[in-house]
Amino acid sequence: MRAGQGTRSDLANAVARAPDDIAARLALARKLLDLGDAAGHDEQMAAVKELDPDEVSLPVREMKYGRVVEAAEARFDDDRGLYDVQPIIEFLRDEKHAAVLFQGWSYVADLNDRLGRDPEARRAYAQAWAYVPAAQVVRFGHDLAANFWRGRADLTDAERALALEAAERAAEASESAGLDAPSMARMRDVLACSYFLVGRRADALAAIEQSIALDPDNEAYALRREVFRLRK
């Protein structure tokens, strides 16, 4: 606020500079609503509707996706363990924007992962991976491969191949991501596990040796190496 950023006047000036900027108008509309200016909010939303009558622009789709998630989360029941993400999935079936598809499917994947719903998580991870942006390859590729490794007893050949693809891309991208040694070790560990999933034991051993070199105090990597040596 001291810098004058994100304030009502700042957002209004952004709209004045670019009246056709839908994202700017939506940001101003949200701010006006937060400030209790319902009329001002409605005015901006009417302008957005005029600019995008078919509601197909990315800012509008992101807004609609956010509303669907909010409505779904409002019905989550922690006490009974009920987390229905079907409305989100239904929304995504008609979505065209890659950015929204990644947001949605990665949300569904992460939630199911945390809930221990492994088959549902794997399906959502696979859907999200098709739209993963470059900036998310390291994190999301690692999470996908780690989840698939935990559910390795139930994987199909296609899922094993997908886990390796994600782990390899994540490992490659991590080289220029500025990660510290323990984080790099985790990337090599999940790569090693993914190699092992597809029967590439020599590659798995080479990758886990890198994990050990990067983080020698983590005993899990040495144990992993012994498992890889003993099992085929």
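The largest pocket of this predicted model is lined by Leu-26, Ala-29, Arg-30, Leu-33, Asp-34, His-41, Met-45, Met-63, Arg-67 and Glu-70. The space in the largest pocket comes to about 210 Å³. Elsewhere in the chain, helix α9 (residues 157-174) packs with helix α10 (residues 181-197).

**Largest pocket**

- Helix α2 supplies the largest share of the lining, with five residues.
- Sorted by class, the lining of the largest pocket holds five nonpolar, four charged and one polar residue.
- Among the lining residues are Arg-30, Asp-34, Arg-67 and Glu-70, along with His-41.

**Packing of α9 and α10: geometry**

- The angle between helix α9 and helix α10 is about 155 degrees, and their axes lie 9 Å apart.
- Angles over 145 degrees count as roughly antiparallel, so α9 is roughly antiparallel to α10.
- The crossing in which α9 passes α10 is left-handed.

**Packing of α9 and α10: residues**

- On the α9 side, the contact is made by Arg-160, Ala-163, Leu-164, Ala-167, Glu-168, Ala-170, Ala-171 and Ser-174.
- On the α10 side, Met-184, Met-187, Arg-188, Val-190, Leu-191, Ser-194, Tyr-195 and Leu-197 take part in the contact.
- The contact of α9 with α10 contains eleven nonpolar, three charged and two polar residues.

Key: Residues are numbered from 1 along each chain as its sequence is written. This is a predicted model: local features need pLDDT of at least 70, side-chain atom pairs count only at pLDDT 80 or more; totals for chains, interfaces and linings use all residues. Side-chain values use heavy atoms; hydrogens and water are left out. Axes are lines fitted to C-alpha atoms, for helices over the stretch in contact, and angles run from 0 to 180 degrees between N-to-C directions. Helices (H or I, at least four residues) and strands (E, at least two) are DSSP runs, numbered from the N terminus. Angles under 35 degrees count as roughly parallel, over 145 as roughly antiparallel, 65 to 115 as roughly perpendicular and the rest as oblique. A crossing is left-handed if the near helix is turned anticlockwise from the far one by less than a right angle, and right-handed if clockwise. Contact means heavy atoms within 4.5 Å. Ala, Val, Leu, Ile, Met, Phe, Trp, Tyr, Cys and Pro count as nonpolar, Asp, Glu, Lys and Arg as charged, and the others, Gly among them, as polar. On a 1 Å grid over the protein atoms alone, a cavity is a set of points where a 1.4 Å probe fits but cannot get out, and a pocket is an open set with protein on both sides within 12 Å along at least five of seven lines; lining residues have an atom within 4 Å of a point. Grid points are joined across faces, edges and corners, and a volume is the space filled by probe spheres set on the points.
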